[in-house]
Amino acid sequence: MTTEPSDSADSAGSVGFTADLFASDGRLKAIPRRPARRTALLDHLAVTLFEPARAYTEREVNEALKTVHDDFPALRRHLVTGGQLTRTKDGAAYRRQQPTGPLAGATPTAP
């Protein structure tokens with residue numbers, strides 16, 4: 001997994017917070033190591049790449065994530081464990097989730 005060489009900002013939740021993570025071509029330079037920056041990035045990716053009410057196959061999730069970074073399996077795993085996406089037990093479908101409070105980072109269960 002590629003990690004970000006340095007994480008200088010410590011505020012989460014804004015596009016400005018994640019803007020420096022992307023190269024001029026729109027691709028992610030690296031996956032941040034710091035949890036707050038990684039969470040902000042994952043929130044940004046979930047909102048920009050996935051519609052909230054739509055079910056996605058694993059292939060569709062991979063294709064969307066490939067547009068921003070080569071290590072799409074790590075991004076997919078972070079999105080699921082971070083609570084931005086849920087996955088059915090059989091792995092057949094993924095859905096974007098809305099954060100629901102202090103447990104938003106817990107491992108989600110798909111309906």
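Predicted model: local features only at pLDDT ≥ 70, side-chain atom pairs only at ≥ 80, totals over all residues.

Q: Which residues of helix 2 are buried?

A: Arg37, Ala40, Leu41, Leu42, Leu45 and Ala46 are the buried residues of helix 2.

Q: How do I read a sheet?

A: Strands of a sheet pair through backbone hydrogen bonds, and the pairing is either parallel or antiparallel. Here an open sheet of 3 strands has the order 1-3-2, with antiparallel pairing. Strand 1 (55-56) and strand 2 (85-87) are the edge strands, since each pairs on one side only.

Q: How many bridges join strand 2 to strand 3?

A: There are 3 bridges between strand 2 and strand 3 (residues 94-96), and the two run antiparallel. Across this pairing, Thr86 stands opposite Arg95 in strand 3.

Q: How is a pair of aromatic rings described?

A: By the distance of the centres and the angle of the planes. A search of the whole structure finds 1 aromatic pair. The ring centres of Phe50 and Tyr56 are 5.1 Å apart and the planes are at 85°, so the pair is edge-to-face.

Q: Are Phe50 and Tyr56 buried or exposed?

A: Phe50 and Tyr56 are both buried.

Q: Which residue lies over the face of Phe72?

A: Lys66 does, at 4.9 Å from the ring centre of Phe72.

Note on methods. Residues numbered from 1 in each chain as written. Heavy atoms only, no water. Pairing = 2+ DSSP bridges. Helix = DSSP H or I, 4+ residues; strand = E, 2+ residues; numbered from the N terminus. Phe/Tyr/Trp six-rings, centres within 6.5 Å; stacked < 30°, edge-to-face > 60°. Buried < 20%, exposed > 50% of the residue type's maximum accessible area, 1.4 Å probe, protein only. Lys NZ or Arg CZ within 6 Å of the ring centre and 35° of its normal.
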